[in-house]
Amino acid sequence: MNRADREARVRRLMEQAPPVVPPGLARDALRRGARRERRRTLARRALWLLLCAATVAFVVWALTVRPWVEPPSETTPPLTGW
């Protein structure tokens with residue numbers, strides 16, 4: 001198909017009447033879009049809640065266990081009587 005054929009085909013398409021859209025298409029699309037947005041918002045809030053709960057659990061664990069403190073040495077007895 002050369003350029004002239006493509007141009008002629010496009011001109012014929014542009015001169016035709018636009019296709020008929022079903023009457024409830026816009027309403028259905030709006031309903032589906034709103035439902036998808038609600039689900040996306042709910043999922044985003046659930047993930048933020050999960051992240052906050054994990055952060056709080058980690059902070060509580062870190063404050064009770066204190067992993068940054070070196071544990072006392074239990075391999076050598078204390079030297080007394082020198």
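The dialogue below takes these features in turn.

Modeller: This is a predicted model, in which local features need pLDDT of at least 70 and side-chain atom pairs count only at pLDDT 80 or more, while totals for chains, interfaces and linings use all residues. Residues are numbered from 1 along each chain as its sequence is written, and side-chain values use heavy atoms, with hydrogens and water left out.

Biologist: How many salt bridges are counted here?

Modeller: Side chains of opposite charge can pair when their charged atoms come close. A salt bridge is a side-chain nitrogen of Lys or Arg within 4 Å of a carboxyl oxygen of Asp or Glu. By this rule there are three salt bridges. Glu7 pairs with Arg3, their closest N and O atoms being 3.1 Å apart, and Arg11 pairs with Glu7 at 3.9 Å.

Biologist: Where do Glu7 and Arg3 lie?

Modeller: An α-helix has 3.6 residues a turn, so residues three or four places apart point the same way. Helices are DSSP runs (H or I, at least four residues), numbered from the N terminus. Glu7 and Arg3 both lie in helix 1 (residues 3-15), four residues apart, about one turn. Arg11 and Glu7 are also four residues apart in helix 1. In helix 2, Asp28 and Arg31 are three residues apart, again about one turn.

Biologist: Is Arg3 buried or exposed?

Modeller: Buried means under 20% relative accessible area, exposed over 50%, and partly exposed in between (1.4 Å probe, protein chains only). Arg3 is exposed because its relative accessible area is 60%. Glu7, at 34%, is partly exposed, whereas Arg11, at 52%, is exposed.

Biologist: What is the distance between the end C-alpha atoms of helix 2?

Modeller: The expected span of a helix is 1.5 Å times one less than its number of residues. The 41 residues of helix 2 should therefore span 60 Å, and the end C-alpha atoms are 59 Å apart, which agrees. Helix 2 is followed by Arg66, whose phi is positive, near 50°.

Biologist: Which residues make the nonpolar surface patch?

Modeller: Patches are made of residues with over 30% relative accessible area and no salt bridge; like charges are joined within 9 Å, and nonpolar side chains (Val, Leu, Ile, Met, Phe, Trp, Tyr) within 5 Å. Accessible areas come from the Shrake-Rupley method with a 1.4 Å probe, and for residues only the protein chains shown count as cover. Phe58, Val59, Trp61, Leu63, Val65, Trp68 and Val69 make a patch of about 730 Å². Phe58 is found in helix 2 (residues 25-65) and counts as exposed, at 51% relative accessibility.

Methods: Helix = DSSP H or I, 4+ residues; strand = E, 2+ residues; numbered from the N terminus.
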